[in-house]
Amino acid sequence: GILTVTGRAADPARARFDATLAHENLAGAREIVEAALASDPAHPEWRLARADVMRRAGNLEAALAEVREIIADHPKHRASRLREGQLLSQLARIQSA
């Protein structure tokens, strides 16, 4: 699904990212994420958005690594913990196929 960020609806960059990702424009979504991270590299929601772009592109290992870095930096970030479980589940299905 589309990543939504609670309390960030007023953020125009976030709205552009959500719309871009919804249309499967991964390159465009990646550009938006990288621009946001350039001004705030530690922001957990934008880092999670970057992981979602990686996941959508099929790079599950890189997405999992990104999510685990977010968890290390922000242990109470529940969305990252949820995404970690989802990625582990996806990887397990691929490995068992």
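**View 1. R83 is buried, with a relative accessible area of 10%.** Buried stands for under 20% relative accessible area, exposed for over 50%, and partly exposed for what lies in between (1.4 Å probe, protein chains only). The model is predicted: local features need pLDDT of at least 70, side-chain atom pairs count only at pLDDT 80 or more, and totals for chains, interfaces and linings use all residues. Residues are numbered from 1 along each chain as its sequence is written, and side-chain values use heavy atoms, with hydrogens and water left out.

**View 2. R83 forms a salt bridge with D52.** A salt bridge is counted when a side-chain nitrogen of Lys or Arg lies within 4 Å of a carboxyl oxygen of Asp or Glu. Between R83 and D52, the closest N and O atoms are 2.6 Å apart. This pair links distant parts of the chain, since R83 sits in helix α5 (residues 78-96) and D52 in helix α3, 31 residues apart. D52 is buried, at a relative accessible area of 2%. Side chains of opposite charge can pair when their charged atoms come close.

**View 3. E34 and R50 form a salt bridge.** The closest N and O atoms of E34 and R50 are 3.5 Å apart. Here too the pair links distant parts of the chain: E34 belongs to helix α2 (residues 26-39) and R50 to helix α3 (residues 44-56), 16 residues apart. E34 is partly exposed, with a relative accessible area of 35%. Salt bridges that share partners join E34, R47, R50, E66 and D73 into one network.

**View 4. R14 and D18 pair within helix α1 (residues 12-22).** They form a salt bridge whose closest N and O atoms are 3.1 Å apart. The two residues are 4 residues apart, about one turn of the helix. Both R14 and D18 are buried.

**View 5. The whole protein has 5 helices and 0 strands.** Helices (H or I, at least four residues) and strands (E, at least two) are DSSP runs, numbered from the N terminus. From that end on, the elements run α-α-α-α-α. The protein has 97 residues, and 41% of them count as buried. Among contacts (heavy atoms within 4.5 Å) with a separation of 6 or more, 47% are between residues 24 or more positions apart. The accessible surface, from the Shrake-Rupley method with a 1.4 Å probe, comes to about 5500 Å², and 55% of that belongs to carbon and sulfur atoms. The count of salt bridges in the protein is 9.
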